[in-house]
Amino acid sequence: MAPTPNLYLDGRNYNPEQVPIAQQTIAPQILYVTNRAQTDRRRSFAYAAERSDQMAFGTADVSFDGVDDWQDLIDITQGQKRGRSRLRVANYSEEIKFSTTPLATERAEGNLRVQEPVQAEYEALGEEFKAALAEQMRRQESGRVLLYIHGFNNQFDDALVTLANIWHYAGRRSVPMIFSWPAGNSGVFKYFKDREASNFSAFHLKETLDLIAEVPEVETIDIVAHSLGSDVTTVALRELIIRERAKGNKPKISLKTGTLILAAPDLDVGSVRQRLLTERFSEAFEQVSVYINPNDTALALSSLFTQVSRLGRFESDDFAPGEIERIMKVGLMHFILVEGAAGSGHSYFRQNPSVLSDIALTLRTRAFPGGQLRPLEVNDDHIWTLHHDYPLDRLPVLTPQELRDLR
């Protein structure tokens with residue numbers, strides 16, 4: 001379990017009474033979609049780094065070990081008790097195995113189309129997925145999905161534990177789900193294997209996002225992507241946004257996209273400028289928060305490999321003069337500089353009490369940076385700065401009534 005966010009250290013603000021009854025547990029259930037291949041190497045069901053042409057949907061139980069009960073976990077969460085729980089994936093339950101893609105096609109009347117029986121089977125499986133998600137939305141009394149896409153060198157269980165941390169500290173007011181792609185390859189060239197696996201996964205992530213948005217009970221999809229997971233995420237979302245605009249739709253409405261958080265994104269700065277900023281990518285979201293750390297050693301290596309600057313550790317001169325200021329004035333994309341990121345400075349979003357505080361405030365209040373509810377400061381380069389003690393010096397008080405008003 002990650003350290004208690006600064007936001008909760010004085011015993012206020014978590015508001016456990018606002019957590020739905022079904023979520024008041026030390027063994028929550030997290031949904032997953034994955035295109036990892038199954039393996040039985042350890043004589044048990046698991047998902048490996050190898051690719052699969054079939055998506056799988058299921059549930060996983062994540063246990064907060066080392067706590068006695070729900071109240072004990074709340075005491076630790078609010079800093080009222082010393083100690084830290086250990087998160088463990090207790091078991092998986094795969095519920096749906098989708099058809100192998102690409103689906104078989106045929107030429108008819110001058111067009112290429114999916115064979116009708118194949119299409120019917122695929123759609124039937126999609127309906128099963130939507131029914132299962134709808135039931136989860138009703139049971140957990142929420143209209144929001146919190147979708148997490150992990151980064152490079154992550155195993156399947158890593159993503160589940162990371163999301164459990166973020167979702168718990170964000171107040172458990174959403175249905176948590178991961179999209180796990182085939183990362184965690186081995187060998188000298190594992191970074192490049194993972195990068196290719198992220199490209200391989202874009203179609204399956206697009207299908208996942210479409211299926212979620214088609215569930216009537218889903219009102220908003222919030223997305224958190226880390227590291228190389230930001231690549232597969234933005235590729236998939238960009239293609240969906242282009243498709244929806246071509247249909248004459250407003251992507252934010254048709255895709256039900258809410259907040260997008262890119263933590264330490266392993267993205268080419270030039271590609272972001274030309275493929276995302278130029279195409280008004282942020283317009284499809286309530287807001288986009290990009291956490292950056294110039295001392296991120298993992299992204300320094302990525303820059304060395306690719307010979308281009310990475311978004312998660314960019315410097316102001318990587319953008320055109322005045323460009324960052326213009327982005328700030330538009331108000332939908334926020335660059336947030338993290339001070340004092342620990343270790344290699346790449347996994348701070350799930351370990352740093354200040355970053356966890358800002359992520360929790362973003363997801364709970366929907367507030368933009370700079371106001372009372374997210375008291376970030378802006379520096380001379382027009383980048384929001386997240387100090388190591390944020391937001392202790394200007395701690396907001398989130399009462400249940402204020403949170404109800406914000407929702």
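The legends below describe close-up views of a predicted model.

**View 1**
Along the principal axes, the C-alpha trace spans about 65 × 55 × 45 Å. Of the 407 residues, 56% are buried. The exposed surface comes to about 17,100 Å², and carbon and sulfur atoms supply 49% of this area. Among contacts between residues at least 6 apart in sequence, 78% join residues at least 24 apart.

**View 2. Eleven strands form an open sheet with mixed pairing.**
The strand order is β3-β2-β1-β7-β6-β8-β9-β10-β11-β13-β12. The edge strands are β3 (86-97) and β12 (377-378), each of which pairs on one side only. Helix α11 (residues 353-365) packs on the sheet and touches β6 (144-149), β8 (220-226), β9 (257-263), β10 (287-292), β11 (333-338) and β13 (384-386). The direction of α11 makes about 175 degrees with that of β10.

**View 3. Strands β1 and β7 pair in the parallel sense.**
Strand β1 covers residues 29-39 and strand β7 covers residues 175-180. Four bridges join the two strands. Tyr32 stands opposite Ile178 in β7.

**View 4. Strand β10 is mostly covered, with six of its six residues buried.**
In a regular strand the side chains alternate between the two faces of the sheet. On one side of β10 are Gln287, Ser289 and Tyr291, and on the other are Val288, Val290 and Ile292. These residues are all buried, and both faces of β10 are covered. Strand β9 runs parallel to β10, and five bridges join the two. The bridge partner of Leu260 is Val288 in β10.

**View 5. Strand β11 pairs in the parallel sense with β10 and with β13.**
The pairing of β10 and β11 extends over five bridges, and that of β11 and β13 over three bridges. Towards β13, the bridge partner of Leu337 is Thr385. Strand β11 is mostly covered: six of its six residues are buried. Met333, Phe335 and Leu337 lie on one side, while His334, Ile336 and Val338 lie on the other. Both faces of β11 are covered.

**View 6. Helix α4 (residues 190-200) has buried residues, including Tyr191 and Asp194.**
Arg195, Ala197 and Ser198 of α4 are also buried. Seen down the axis of α4, the buried residues fall within an arc of 160 degrees, so they line one face of the helix. The buried residues of α4 pack against β2 (46-65), α5 (202-213), α6 (229-246) and α9 (297-306).

**View 7. The peptide bonds from Thr101 to Pro102 and from Tyr390 to Pro391 are cis.**
For the bond between Thr101 and Pro102, omega is near 5 degrees. Pro102 is placed in the loop between β3 and β4 (105-108). For the bond joining Tyr390 and Pro391, omega is about -10 degrees. Pro391 is placed in the loop between β13 and α12 (400-406).

**View 8. Arg172 and Gln307 have positive phi values and are not glycines.**
Phi is about 55 degrees at Arg172 and near 65 degrees at Gln307. Arg172 lies in the loop between α3 (156-169) and β7. Gln307 lies in the loop between α9 and α10 (323-330). A residue counts as buried under 20% relative accessible area and as exposed over 50%. Arg172 has a relative accessible area of 0%, so it is buried. Gln307 has a relative accessible area of 61%, so it is exposed.

Definitions and conventions
Residues are numbered from 1 along each chain as its sequence is written. This is a predicted model: local features need pLDDT of at least 70, side-chain atom pairs count only at pLDDT 80 or more; totals for chains, interfaces and linings use all residues. Side-chain values use heavy atoms; hydrogens and water are left out. Two strands pair if DSSP finds at least two bridges between them. Contact means heavy atoms within 4.5 Å. Axes are lines fitted to C-alpha atoms, for helices over the stretch in contact, and angles run from 0 to 180 degrees between N-to-C directions. Buried means under 20% relative accessible area, exposed over 50%, partly exposed in between (1.4 Å probe, protein chains only). The arc is that of the directions from the helix axis to the C-beta atoms. Accessible areas come from the Shrake-Rupley method with a 1.4 Å probe; for residues, only the protein chains shown count as cover.
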